[in-house]
Amino acid sequence: MFIVFDYYFNMLWIGSSVMFIYYKRYQLIYPTGDYEIEFVAMLVLIILQYFRLYCGSKGNKTEQSFIIVIFMLVTILCIIGNVYFVVF
């Protein structure tokens, strides 16, 4: 059930992240190349979030433990990425 609601949360998170990254681009001074790295990292995190949700949904429906383990490992990567964007 939470995986279904996480799809909606991801849409909200992506929208707010895109708005904040454009806000940061025009309001803060970035060293050369840092904005592009942060933008690419955000895109990778978005792709990882949807891959995580896909693995969680498929693993839950098929009850395959290997896919659920992949879901948990990708969840750890997503947590690290989200903490980076919240702190920095």
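# Exercises on a predicted model

Glu-38 is buried, its relative accessible area being 9%. The model is predicted, and the exercises below start from this residue.

**Exercise 1.** Find which residue forms a salt bridge with Glu-38, and state which helices the pair ties together.

Solution. 
- Step 1. The partner is Lys-24; the closest N and O atoms of the pair are 2.6 Å apart. The cut-off for a salt bridge is 4 Å, so the pair qualifies.
- Step 2. Lys-24 belongs to helix α1 and Glu-38 to helix α2, so the contact ties together parts that are 14 residues apart in sequence.
- Step 3. Lys-24 has a relative accessible area of 17%, against 9% for Glu-38. Buried means under 20%, so both residues fall in that class.

**Exercise 2.** State how many salt bridges the structure holds, and describe the one made by Arg-52.

Solution. 
- Step 1. The count is two.
- Step 2. Arg-52 meets Asp-6, side chain to side chain, with an N to O distance of 2.3 Å.
- Step 3. This pair links distant parts of the chain: Asp-6 is in helix α1 (residues 2–27) and Arg-52 in helix α2, 46 residues apart.
- Step 4. Arg-52 is buried at 11% relative accessibility, and Asp-6 is buried at 16%.

**Exercise 3.** Describe the surroundings of the Tyr-35 ring: which residue pairs with it, and which charged end sits over it?

Solution. 
- Step 1. The structure holds three aromatic pairs. One of them joins Tyr-35 and Phe-39, with 6.2 Å centre to centre and 25° between the planes. Planes under 30 degrees apart count as stacked, so this pair is stacked.
- Step 2. Both residues are in helix α2; they are four residues apart, and therefore separated by about one helical turn.
- Step 3. The charged end of Arg-25 sits over the Tyr-35 ring, 4.5 Å from the ring centre.
- Step 4. Tyr-35 is buried, with a relative accessible area of 9%, whereas Phe-39 is partly exposed at 25%.

**Exercise 4.** Decide why Cys-55 and Cys-78 are not counted as a disulfide.

Solution. 
- Step 1. A disulfide is a covalent bond between the sulfur atoms of two cysteines.
- Step 2. The structure holds zero disulfides. For Cys-55 the nearest cysteine sulfur is that of Cys-78, 10 Å away, and for Cys-78 it is that of Cys-55.
- Step 3. The cut-off is 2.5 Å, so a separation of 10 Å excludes the pair.
- Step 4. Both cysteines are buried: Cys-55 has a relative accessible area of 5%, and Cys-78 one of 2%.

Notes. Residues numbered from 1 in each chain as written. Predicted model: local features only at pLDDT ≥ 70, side-chain atom pairs only at ≥ 80, totals over all residues. Heavy atoms only, no water. Buried < 20%, exposed > 50% of the residue type's maximum accessible area, 1.4 Å probe, protein only. Phe/Tyr/Trp six-rings, centres within 6.5 Å; stacked < 30°, edge-to-face > 60°. Helix = DSSP H or I, 4+ residues; strand = E, 2+ residues; numbered from the N terminus. Lys NZ or Arg CZ within 6 Å of the ring centre and 35° of its normal.
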